[in-house]
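Q: Could you go through this one with me? I have a few quick questions.

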Amino acid sequence: MRTATFSDFSSNIKNYFNSVIDNCDSIIVNRNSDEAAVLLSLDEYNSLMETLYLMSSRETMADIRKAEQDIKEGKGIEVNLDEL
């Protein structure tokens, strides 16, 4: 994660966008000492929103915790992804 002042961001917006999209970077743009915004690629934003959605479901989180416990107890099933 990189930081930039608002004036530097404005002057170099194309470079910052290229960095975010091409390098999966994120940029914190400081407007003044108390305000800032974050620039993310659309893929990164969608990933965060999906994670937030999944984590907001008690049922889904319970399933994930149960699966983690099953794996710790040796109840997992090994899958060879090359065979799928």
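The chat below goes through the sheet, the aromatic rings, the salt bridges and the surface.

Q: Before anything else, what sort of model is this?
A: This is a predicted model, and the values discussed here are computed from it.

Q: OK, the sheet then: what is the strand order?
A: The sheet is open and has three strands in the order β1-β2-β3, and the pairing among them is mixed. Because β1 (2-5) and β3 (36-39) each have a single partner strand, they stand at the edges, and one side of each is left without a neighbour in the sheet. From one strand to the next, the twist averages 25 degrees.

Q: Which pairing is parallel or antiparallel, starting with β1 and β2?
A: The pairing of β1 with β2, the strand at residues 27-30, runs in the parallel sense and spans four bridges. The pairing of β2 with β3 is antiparallel, again described by four bridges.

Q: Switching topic: how many aromatic pairs does the structure hold?
A: The structure holds one aromatic pair. The rings are those of Phe9 and Tyr16, with centres 5.5 Å apart and planes at 35 degrees, so the pair is classed as tilted. Both residues, Phe9 and Tyr16, are buried.

Q: Now charges. How many salt bridges does the count come to?
A: The count comes to four salt bridges, and I can take you through some of them. As a general point, side chains of opposite charge can pair when their charged atoms come close.

Q: Fine, which residue does Glu35 form a salt bridge with?
A: Glu35 forms a salt bridge with Arg31, and their closest N and O atoms are 2.6 Å apart. Glu35 counts as partly exposed because its relative accessibility is 35%, while Arg31 is exposed, with a relative accessible area of 56%.

Q: What about Lys66, which residue is its salt-bridge partner?
A: Lys66 forms a salt bridge with Asp70, and the closest N and O atoms of the two are 2.8 Å apart. Both lie in helix α4 (residues 58-72), and because they are four residues apart there, they are separated by about one helical turn. Lys66 is partly exposed, at a relative accessible area of 49%.

Q: And Lys75, which side chain does it meet in a salt bridge?
A: The side chain of Lys75 meets that of Glu73 in a salt bridge, at 2.9 Å from N to O. Lys75 is exposed, with 52% relative accessible area, and Glu73 counts as partly exposed at 44% relative accessibility.

Q: Last topic, the surface: which residues form a nonpolar patch there?
A: The patch is formed by Leu42, Tyr45, Leu48, Met49 and Leu52, which together have about 500 Å² of accessible area.

Q: Where does Tyr45 lie?
A: Tyr45 lies in helix α3, which covers residues 42-55. At 42% relative accessibility, Tyr45 counts as partly exposed, because that class covers values between the 20% limit for buried and the 50% limit for exposed.

Notes
Residues are numbered from 1 along each chain as its sequence is written. This is a predicted model: local features need pLDDT of at least 70, side-chain atom pairs count only at pLDDT 80 or more; totals for chains, interfaces and linings use all residues. Side-chain values use heavy atoms; hydrogens and water are left out. Two strands pair if DSSP finds at least two bridges between them. Helices (H or I, at least four residues) and strands (E, at least two) are DSSP runs, numbered from the N terminus. Axes are lines fitted to C-alpha atoms, for helices over the stretch in contact, and angles run from 0 to 180 degrees between N-to-C directions. Patches are made of residues with over 30% relative accessible area and no salt bridge: like charges are joined within 9 Å, nonpolar side chains (Val, Leu, Ile, Met, Phe, Trp, Tyr) within 5 Å. Accessible areas come from the Shrake-Rupley method with a 1.4 Å probe; for residues, only the protein chains shown count as cover. Buried means under 20% relative accessible area, exposed over 50%, partly exposed in between (1.4 Å probe, protein chains only). Rings of Phe, Tyr and Trp (its six-membered ring) pair if their centres lie within 6.5 Å; planes under 30 degrees apart count as stacked, over 60 as edge-to-face and the rest as tilted.
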